[in-house]
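Student: I have a new structure open and would like to go through it. Can you take my questions as they come?

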Amino acid sequence: MAFRVAGLFLKKELAASAAQQLRLMRTSNVAKAQFLSNSPNTALDKSILQRYRNLETPANRVQATYLWIDGTGENIRLKDRVLDKVPSSVEDLPDWQYDGSSTYQAQGENSDTTLKPRAVYRDPFKPGKNDIIVMCDTYSADGKPTPSNKRAAFQDAVNKIGDQEPWFGIEQEYTLLDVDGRPFGWPDNGFPAPQGPYYCGVGADRVYARDLVEAHAIACLYAGIDFAGTNAEVMPAQWEYQVGPSNGMKASDDLWVSRYILQRIAEEYGVVVTFDPKPMEGQWNGAGAHTNFSTKAMRADGGMKAIEEAIEKLSKQHQRHIKAYDPKEGKDNERRLVGRLETSSIDKFSWGVANRAVSVRVPRGVATAGKGYFEDRRPSSNCDPYAVCGALVRTCLLNE
């Protein structure tokens, strides 16, 4: 039984006077104009590139964009190479090297760092029908995984789980900013109306940059990502999309590639994407990467017992998971998991049915059916999904 990743429940809209709404729209339009004029990327004529994309490229040459995670554990780097044949699988792709001293992953005197191709996607940005995106992991000069390579450890865990068939679905929240770090569409010298009208909203005074969001969905589907949906989030200029449910490693690979695609599209619009888990202080929701998890036993009849057993294991490893759930080992989540604004406390494990103020939520439909999945609400929006999914596998399935 497949599960769909969950979004937040609709909330009752806060009433706002017509005058307030008109003021907000006018201020937002001014802010948007300033926003676009301040972004250097919007000064480029995008139609010029199209002239060259329309040229026919040799059928036996392929442009491959190699992606990897840099030493921050949360930022993507890339470089392109041209291959002289169309690869039939990821095994056909060559390893490659880069300067790890420029990505916080090596010292200058021994900086060659190796890229090993792991997953291949269609490229929505290149013109060739065989052009590809290649998700890689990274290895130091001694052949060992770099410290930011969490994929290798996750793969090691996946190799040990037998036929338990873990599925993952990840809800990626993010915020759109101008080049000066102000949320897109927000007034320059003030704040929008309080949260309430924006979640799953419609209208120019409630939703900003929907065309960017829809372009992202189309590009992800083209690429071959298990893209499940998208929605406007609780804070204005904040959005969410979902990947999965996918078996094993694919959800994590998909999430990293989908982040890259999102940021590339945002470049063209002159918009900045942030995955910061608390981009605005105060009474504004933070951003997470709620991770839905199930196994074959959880999805079978009577699976609620397996779900409760897994949650019990998680309750005993709370601090271990907090360290794995953001790239700063919990420091980023300290700003977000404060026990309010639909979050649990970072200091205490909790769970419940249909409760969004807990560490782990069991959806109402799962409790009613007696089988399905649970949602770990602790991962931050800038988490490394390899680390998150790896921690869930090791705790819930390998009993580590």
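Tutor: Over residues 150-400 the chain is 35% helix and 18% strand, and the end C-alpha atoms are 17 Å apart. Helices (H or I, at least four residues) and strands (E, at least two) are DSSP runs, numbered from the N terminus.

Student: What annotation covers residues 150-400?

Tutor: An unreviewed UniProt entry gives "domain: GS catalytic" for residues 150-400. UniProt positions are given in the numbering used here, feature names are shortened, and annotations may be inferred rather than shown by experiment.

Student: And what am I looking at, in terms of source and numbering?

Tutor: This is a predicted model, in which local features need pLDDT of at least 70 and side-chain atom pairs count only at pLDDT 80 or more, while totals for chains, interfaces and linings use all residues. Residues are numbered from 1 along each chain as its sequence is written, and side-chain values use heavy atoms, leaving out hydrogens and water.

Student: Ok, helix 5. How many residues does it have, and how far does it reach?

Tutor: Helix 5, residues 250-269, has 20 residues and reaches 29 Å from its first C-alpha to its last. That is close to the 28 Å expected at 1.5 Å a residue, where the expected span is 1.5 Å times one less than the number of residues.

Student: Is helix 5 mostly covered or mostly open?

Tutor: Mostly covered: 15 of the 20 residues of helix 5 are buried. Buried means under 20% relative accessible area, exposed over 50%, partly exposed in between (1.4 Å probe, protein chains only).

Student: What follows helix 5?

Tutor: Glycine 270, with a positive phi near 75 degrees.

Student: Which residues other than glycine have a positive phi?

Tutor: Among them are alanine 209, with phi near 70 degrees, and glutamate 329, with phi of about 55 degrees. Most residues other than glycine have a negative phi, and most peptide bonds are trans.

Student: Where are those two, and are they buried or exposed?

Tutor: Alanine 209 is in the loop between strand 6 (167-177) and helix 4 (210-223), and counts as buried because its relative accessibility is 13%. Glutamate 329 is in the loop between helix 8 (318-324) and helix 9 (331-334), and at 52% relative accessibility counts as exposed.

Student: Switching to helices 7 and 11. At what angle do they pack?

Tutor: Helix 7 (residues 304-315) and helix 11 (residues 385-396) pack at about 105 degrees, with axes 9 Å apart. Axes are lines fitted to C-alpha atoms, for helices over the stretch in contact, and angles run from 0 to 180 degrees between N-to-C directions. So helix 7 is roughly perpendicular to helix 11; angles under 35 degrees count as roughly parallel, over 145 as roughly antiparallel, 65 to 115 as roughly perpendicular and the rest as oblique.

Student: Which residues make the contact?

Tutor: Ala310, Lys313 and Leu314 come from helix 7, and Leu392, Thr395 and Cys396 from helix 11. Contact means heavy atoms within 4.5 Å.

Student: Last one: is threonine 113 buried or exposed?

Tutor: Threonine 113 is buried, at 1% relative accessible area. Its place is in strand 4, residues 112-122. Not counting residues up to four places away in sequence, threonine 113 touches residues including Trp96, Tyr98 and Thr146.
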